[in-house]
Each structure stands twice: as C-alpha cells, then as structure tokens.
Amino acid sequence: MTTATLFGLCSSALVGLGLFGVIVDPHPLRKILAFNLLGSGVFLLFGVVARRGAAAGLGGDPVPQALVITGIVVAFAATALAVALVLRLFEPEAGNAVESEATSAGLEVDGGRS
Amino acid sequence: MTMLADMPAVMLLAAAPAVPLLMIATAIVPRARERLIAYLPFAPVPAIVAAITVPHGTSVVLPQALLGLTLEIDKPGAILLGSAALLWMAGGIHARSSIREQVGRFAAWWLITLAGSLGVFLAADMIGFYFFYTLVSLAAYGLVVHDDTPDARRASSLYVALALLGEALLFMAFVLLAAAAPGGSVLISDAVAALSASPWREPALLLIILGFGLKIALVPLHVWMPLTYVAAPTPAAAVLSGAAVNAGVVGLIRFLPFDTAMPAWGEALAVIGLLSALYGVIVGVTQANPKAVLAYSSISQMGFIAAVLGMGLATGNTAVPLVVAFYAAHHTLAKGGLFLSLGLLDARSPRYVWLVLLPAAVLALGLAGLPLTGGQLAKMAAKGPLGDGAIGTLAHLSAAGSTLLMLFFLLRLNTTVPQNMAKPTINPPAAAWLVVAFAALVMPWILFPTIVGASWRHALTHKELWSASWPVIAGGVMAAVLWPRRAILRNIPQGDLLILAERCGPAARRVAVAFERTDDALRQWSVASMCIVLLVLLTALALAAS
Amino acid sequence: MSVAAVTATTEGYLLVLAIMWPVAGILVALVVNGRNIERVAYIVLPIGFAIATAVVMAVAQGGQSQIYVVGGWAPPLGVALRADGISAAMMMTTAMVICATGLFARGEFVQPAEGPEARAPYVFWILLFSIWSALNALVLGSDLFNLYVALELLTFAAVPLVCLKGQKETIEAALRYMLFALIGSVLYLLGAVMIYGLYGTLDIGLLSGRVRAEPATWIAAALMTVGLLAKTALFPLHLWLPPAHAGAPAPGSAILSALVVKGSFFLIVRIWFDAMPGHLSFAAAQLLAALGAGAILVGSVLALRQQRLKLMIAYSTIAQLGYLFFIFPLATGFAAGIVWSGLAWTGSWMQLFSHAFAKAAMFMAAGLIAEALGHDRIADLGGIGRKLPITMFAFALSGLSLIGVPPSGGFVAKWLLLIATINEGQWWWAAVIVVGGLLAGGYIFMVLGRLLADPLSPLVIRGAVSRSRELVALSLAVCAVLLGLVPLQPSDFLRIGR
C-alpha cells in the first residue's frame, strides 16, 4: 500500500464519518463538528492530490497546498458563523431583546399560529 | 396580408383594442378612476366604426414594443366585432346607471374585458390572440365577483379555475401549432395551413376543441356558465353572454382547418354540439331564475354553433366561418338584449312591463328562428353547412327546443317580475337596449345577401316560412303542454354536473394532503440529507449510462 | 471556449471593478458611523449599477466575452475572470434587483433617530454589498475553486439576512439554511478536488478540452452538481427554503428568492455547458429535469395550501426554480446549432430573469401588506387591495408573469421552453410546464381574490405605507412584464462567448 492510497483511505473515512454525523446527529453543534470532520477529509484528499507534482521532480504540486489553506480559512469562517448562530439560538433571552424591534417594523412574530 | 397605405383604416384597427386599454391607464389617478364608468359607452366606438368602414383584408403589424402583434380584419371578424362592440356600448350605458358600488374597480375590469373581447376578433397572430383571449377570459373574473356575495365568490372561483384550465389547454395547442409552422411563424393562417401535415395534428385539434369548447360551454364543460351569468351584475352578464363568449367562437373559426375535410373530428364536434343544444333545453326548462334559463339557452345555442362548425370541418366547407360569424352575431345581439331587458324589468312599474316584454319576446323567439325575425335568417344561413343528413335534421329540430326554452323564459320572467318590485329602483335608459334589439332584428336582413349570396326575398317564400314556422309551432305546443305541469320538473341546481364534480372535492383534497405529507417528510433533516447522498449516487449512475 | 492563451480584453478591468466596488463599499461602511451607512449606499448602488451597465455594453458591442487575467498570470497558474452573454445578463439583473431592494429597504432599515445605534440596519447594508460582490464573482469566475469561494461568500452573506430581525424562528431557519448549504458546498469542493486530481487544472476553459468520460469524472461531477442543487433548494433538497425565505424581512426575502438561489444554479450551468460540454448523459439530464418537475408540482400544490402569504411565495419560488432545470434536457444540443436548443437556452434564462424581477416584486408587496396589516394570513387579507392599490397591482403583475400570461417574461420563457420540448419530442415536460402554469394561476388568484374581497371586519391599518416603496415593487413587476416584449427567438446576446 502506497502512502497516497493510505491517505486517500483516511480521507474517505473522514468524509464518511463526517457525513454520518451531519445526517444523523440532532444537535446543531455536533453537526458543525461533523462538518469540520467532513471538511478535513476533503482537505486531506487535496493534500494527496498535491503529490501529483512529485512526478515532475518537485516535492509536491504547490497549487493544492495554496487552495487547501484558503479552504481551511473558508471552513473556519463557516464554523464561526454557524457557532454564532447556535449561540444566538440558545441564549436564554433569545428573541426577547430584539422582539420590540421586530414588532416596531410591523411583523407579528407568530402570526400563523394564532 | 397587404399592408395598405390607408392610414386612417389602420389607425382605427389599432384603436379598437387600444382605446379601452388607454382608458384604463387613466385609472391610475384615483379621481379619474371614480369617473371612468361614465365613459364606458365610448370605449367600443372605434371598434364599431372600424367594423363598418375598414376594408376587409386591411392589416397592420405593430412594432415589437407592442409585442409585434398583427391585427387584421376580415369579414367574419368584422361582423363579430361590430355586433360585440354594439352590445358593449349598450351594456356600458346600462352599467353607467345600474352599478353603484365600487364603480372604479368595475370600470377597470370592464375595460380590460372589453379590450380583450374586441381584440380577439382582430388578432392575426397567435401571441396576440392569446393575449386578448387572456384579457377577456381572466378579467371577466372581476365582473363576475363584483357583487361579492357568497354566490358571486363561488361562481367566480369556479369561473377562474376553468378559465385558467382553458388558457393552459390553448397555450399548449398554440405551441403545437407554432412548432409545426414554417419558419417559426406565429401567424394563425400559417400555423393552421401547416396543421394538416403536422405530426402533432391530432393532439393540437383536441386541445383546440377542448380549450375553446370550455369558452363556449360545450357539455360537459358548461358548468361555469349558469353560475357565472346568474352571479354577475346584469350588464356584465349581458356582455359576457353575448360578446365575451364569442372569443370561443372566433377561436374555433380561426383555428380549425376548414380547407381540409376531417370527417372524424368534424362529426365528433357536431355530435357534442347537438348534445349540448339538447342538454341546454332539457336542463333550462327546469330553471326558475330567468338568468339561469338564459344561460342554459346560451349553452344550447353555442351547441348549435358547434354543430355547424363540426359539419363544416367534416366536409371541408370554407364558407362555414362566415356563416357561423353571422349566426353568432345575431346571438350576441339577441342574448345580450335579453339580459339587458332583465335589468330594465327590475326598474319598470307593472303597467309598462309589456313595453319591455314585447320586444323581449320577439328577441327570445328570434333565437328560435321565428319567421321574419333576424333569427330566421341566421338559421337559414346555417342550413347549408349542416346539410340534409341526420345532423342537419336534428339541428333543425333543435329550433323547437329553443322555442320551448324561450317561452319558458318569458313565462318565468312574467312570474318573477312582481317579486322584484320591492327593489330600490335604478333606471337604466331603455333607448340603448332598444337599439340592440332593433339591430338583432334588422342586421341579419342587411347582411344576409352577402353571407349566402341569395336575396333576402328568398326568406319570404312559402317554403322557407313554413320551414321556419313549424319548429316554433311545435315548441309552442310543447310549452303549452309542459308549463301547467312545470311542478313535476325538478329544479336542477345551477351548474347541474357541477354538483357531481364537487363530490370529487374530498378526493382532490386528499391528493393535496398527500402532497403535504410528502413535503413534510422530505423536509425532515435526516431525510433531506439522505436525499443528497442518494442523489449523488443516482446522478453518477445516470452519467455513467451514456 | 478554446483558451489556448487567455489574454485580457480592453474593458476587462470592469470585471474586477464589478467585484471590488461593493467590497470597497463594505470597507468604507466599516469605518463610518452607522448612521451614515445609508449615504454610503447611495454612492455604492448607482455606481455599481453603472459598472454592470458598462459590462453589458462592452459585451454587446464587442460581441465576445470580456476577459481579465488577474495579476497577468494566465490559467492554469493564474485565475481569469470572464464575462460572456449570460454572465453580463446576470450581472444586469443582479444590479437592478439589488438597487431596487436598496431603495425599498430605505424605509425598513433606518437607524432610530435617538438612542443607541440599531444593529440590523447597519448589518443589512453590509450584507447587501457582500451579496452583490459575491454574485458578481460567481458569474464572472472561471476557476472552479474561485467559484467555490464566491459561493461560500454568497452563503455567508445570505444566511444572516434571514435572521436579521432576530426572532428565534428566524435564527432556527438561518441555522438550518447554513448547515444544509455547508453540506452542499463541501460536496462541491470534494468534486472540485477530484477534478483537479484527474486533470490538473480547475480552469473551466482548460477543463473543457481535457475532460474524459470515465467513472471518476462522473462521481466528481455528480458531487459538484448535487452539492449545488442543495444550495439551489431544488426539490427534494428544499427543506431550508420555506422558513428562510418566509422568515427574512421583505428586502432580504426579495434578494434571497430573486438572486441568491440562482447563483448556484448558474454554476451548475457553467459546469455542464462550459466545463464539461457534451458529457451530460441523456439519463442525467432527464434526472435533473425530473427533479425540476417534482419541484414544480410539489411546490405549486404546497403553495396552494399555504395560509401565510410569505410562505406561499416561498413555495412558489421552489416551484419556479424547477423550470430552470429543463435547460439540461432541452438545451444540450445548443452547441451543435440545433435551433430549438437555442430556444430552450433563451427560454431558461428568460425564466431566471423574469422570476427574479417578479419574485422580488412579490416579496416586497407581501412585505408592505404585512407592514400595513401586522400579519400576512391570506384568509384575512380582504380589502387591503383597496387600501394599497399600487401594491396589489405589483402583486398582480408579478403573479401574471409567474403564471405565464402574455405579455410577460414568464410567458416568453414558457413559450420557448414548450416549443423546445415539442421539437425535442419530450412532451412529458410540456405537460408539467402547462400544469405548473395552471397551479400557479390557482395560487395567484387565490390571493388576488382575497385582496379584492370586502373585509370581514373593518380593516385596521397599523402603519402608513410609503408610496415610494410601493412604486419600487411595482417597477420591478413592470420589468418582469417588459421582458415579455423580447422577440420569441433565440437571443443573440445570451450566446455571446460560446
């Protein structure tokens, strides 16, 4: 088994685990973690792909490495945003602080339920 | 398709649908909107002038900014346009004094319907035809719902549902026609000429007959008509029953290929038409409300028209469009006139009732072809295409049914008048109505020679007079026998088959609920995300299957 | 798209400007006081609009794609931006809807005159600029990874728009949208990584020459396509759309429904028509169209069953998105010069543009109605048409475009698509298109009937509705109608660059 295959299998496992977590885990925070696992799998795959450049005598193809860094930044931003939303959702006074703002703009909060 | 250098004629042609549309534009100003109703009678004036003065064959292609529509006037179109415009004018005069609430809104709907109703007679391309047809079909919703009673709401919902269905059927039909037309032409004449060789001929014809059949209320697509005409305010019912319904007639005239004999399609249409003619009479005599009787009479009359069109299609008779336009124009004036007379009766004191009833009686029996009325000529003209076979004989017999139905209408009218006396009186002027009634009586005599190529004196021979008389006499006898026994006629609810169709309501609701359940299930997180995985696999497999 | 050596065109700088100008707006907004951010918007919006117009003019006059090579490095090492006919048209639509939304939002997102600065107005404008920049990047990008970044930017800007008002329900909706979109983007990225592994490039132009039909390509393409479908909310992946689009404030809903979901659709078209032309199998095209058909039927029936106006409009969006996917079975012969494929190509884009205008107008109208009444229960809308005639007119016009009544962009779209289905011999899609129009007629008239009806009880109007905001909604609806005046032919502009 070459290292490339090994890393490929690892990344597949990560993707599979992440996907499983995203689908079945009911808690949003765990979903976010699973998403990160999924992302790591993809980045690992990208790292394996970078080995292509090795054939041309280089240590590795530089393009995927640059892209992986960008990807990690994007994934980090996504995680931050999602976590911020989860925090807002579980704030004990969620909704109350801003409710006056909502009603002043004329929208009934639970118009459909009454 | 010659573009004449005759500017006034071309301008008039374009003005016929454009003037009402421009009048609506003024409705943006609220004050103008409230006053718009006073000007309704003037909206159809350009159309009347165009119908009389513009030489047949004049056409105009509007710029692309106006959809690139082609308007063209031919003889059937001119006859239908003139009669419809006259009725719209009389209806406008009636509406001006009888509509008291929400006048701005009523006027806006009226003008849109009017523009569509007149435009369909002039449109020479499918896009323009569809545009005007949509205007007249969908805007009539606003007229039907005007009174905002529970009945009006039910009728208008049903109406708009079926109107949309008709729109959908015709959309598909026009697409099939356009797909087969040479060089992507959207001209109706090109598309119909290419129809007989089209690979989609059969579905196209089916859709055309179903789509326009809905508009002219062929049984069993007729359920909307009685409800709609009863619910609409009287002037609206008059123009809908007289003028707007002809959008369906002109559609069949324009889109059926009369230069190719198609016996199967033609005879099928004729048989359905005769069934409708008979059905309208049978259900109509059970109706207590005179408006409903008139609505069933329309179903019957439109059935007769469908029979004529069907026989024309079966034999490849290119004279049929003109004959049908002639017959339909008479129906426009007579039926519109009868509806308007209902509005007048509401307002008259009992002493003068006969002043309305008498002309109404002439109009009513004219629809049955009473000798010396315009109706006699209309029926005579229709005889040619109908032929002497079984269909022709049955169609001739249907005149007896029409007589019966019309006599019932007059008798019902007489019995319902006293009940209406308590109503606060509005007093629409009778003059406009008399003009329509007079036109129904006289117009056919003027046009007759140009339709069948024989002098009107031909109608006064003993043979023709007798031929027109005996169905009327037979109908009279039937009425004399049936009227005293009318108690045994069970009052069939308006819209008859609709009551059966409404039983399907729960089934439709179950389907909708099933859709809702599917949606609920798919919106579960785990289901939706499993769907993603599944779709990836499916897509990959589908990509491999090349 | 043969790109042996990509060189920049003279007006290529406009493309960078189109992406960077809104970003410049964000940077300025970050340093100015929150009360002045609206003034920044008045500068950013018109100039951004002018840039989009200039791009359209340049593309139309040149008759070819405008290209900019970032940093002078040609692909595969560098990244190129290119504006062909469809991207220019998308940019124009985006600019029009965003500027209209900006005008509309003036009344909704103002800083309170006294007291502390409110967060929502400040954030709204920044999100609006971000979406604009992201959408421009998305339609101009020609590198699969760059497009991924643009796609993520779009999502990150769109999600907070949902929960701007901060109620619990909307935060839940936003989170659901965010997480589902993340699955979509990670699948897309996985596909893109595989493509790089296979062909050593991510540039769309280079890929079109290198792609081979092999299992790994199919899996990569399937991952990318389905990932994007999740972001487009194509049935059955639409779970996030109704609560998100219905819960957002009216200007937000307008942007989300009109533009954001179209971004990922645009990318699917890029993949199948530019990166891998000719590789979409018949079965796969049928599968995509079948999902579209399911969207039309389920979305329309569900729209008919809704009791809340905004939810009805959201379900209508699901249905209307379905029509876009008929581009795959019908327009694939497009490159080969088959006439009706050209019709389907034009028809699909017309559907996209006219729906963008109509749906933005409709959400704005619904927002105004909700503002006036304090609720949006369809059953209790009676009589509001009399109080807000312009709003009702805007709703009606945009509704007619959705049904496909002439003259409207919706009619042109359906006409062209139907002709293509008939010529292509795929009449089953024609049946779905026609039934979809019928159902759309049902839900539009259901609401119009209520708007026109007499109120059950005397109407209580909670707040005055500004006339100018009503006119903004109306003008967008008029745009949808005016699109109906284009000739019923394949558009030359939309095929520039291919």
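Chain B of this predicted model is divided into domain 1 (7-501) and domain 2 (513-544). These bounds come from an automatic or database domain assignment. The centres of domain 1 of chain B and domain 2 of chain B, taken over C-alpha atoms, are separated by 50 Å. Residues are numbered from 1 along each chain as its sequence is written, while chains are lettered from A and ligands numbered from 1 in the order in which they are written. Because the model is predicted, local features need pLDDT of at least 70 and side-chain atom pairs count only at pLDDT 80 or more, whereas totals for chains, interfaces and linings use all residues.

Chain B contains 23 helices and two strands. Helices (H or I, at least four residues) and strands (E, at least two) are DSSP runs, numbered from the N terminus. The radius of gyration of chain B is 24 Å, close to the 24 Å that the globule rule gives for 546 residues, so chain B is as compact as a globular protein of that length. This radius is taken over C-alpha atoms, and the globule rule is 2.2 Å times the number of residues to the power 0.38. The C-alpha trace of chain B spans about 80 × 55 × 55 Å along its principal axes. Of the 546 residues of chain B, 58% count as buried. A residue is buried if 20 or more other C-beta atoms, placed from the backbone, lie within 10 Å of its own.

The mean pLDDT of chain B is 88, and 95% of the residues score at least 70. pLDDT is the predictor's confidence in each residue, from 0 to 100. Within chain B, confidence is highest in helix α12 (residues 246-255), at a mean of 96. It is lowest in helix α21 (residues 497-502), at 76.

Chain A has four helices and zero strands. Its elements run α-α-α-α from the N terminus on. Of the 114 residues of chain A, 29% count as buried. Two residues are in contact if their C-beta atoms, placed from the backbone, lie within 7 Å. Among contacts in chain A between residues at least 6 apart in sequence, 43% join residues at least 24 apart. For chain B, 81% of contacts between residues at least 6 apart join residues at least 24 apart.

The contact between chains B and C takes 46 residues from chain B and 47 residues from chain C. On the chain B side, α6 (126-144), α7 (150-180), α22 (505-522) and α23 (525-544) give two or more residues each. The most come from α23(B), with 13 residues. By class, this side has 34 nonpolar, eight polar and four charged residues. Ala, Val, Leu, Ile, Met, Phe, Trp, Tyr, Cys and Pro count as nonpolar, Asp, Glu, Lys and Arg as charged, and the others, Gly among them, as polar.

Chain C also touches chain A, with 37 residues of chain C in contact with 38 residues of chain A. Here α5 (144-162), α6 (168-199) and α14 (339-373) of chain C each supply at least two residues. The most come from α6(C), with 15 residues. This side of chain C divides into 19 nonpolar, eight polar and 10 charged residues.

The largest nonpolar core holds 477 residues, of which L81(B), V308(B), V55(C) and A361(C) touch the most other members. Such a core is a set of buried Ala, Val, Leu, Ile, Met, Phe, Trp, Tyr and Cys residues joined through C-beta atoms within 7 Å. With 23 residues, α14(C) gives the most to this core. Domain 1 (7-501) and domain 2 (513-544) of chain B both give residues to the core, so it lies between them.

Terms used:
Buried ≥ 20, exposed ≤ 12 C-beta atoms within 10 Å, placed from the backbone.
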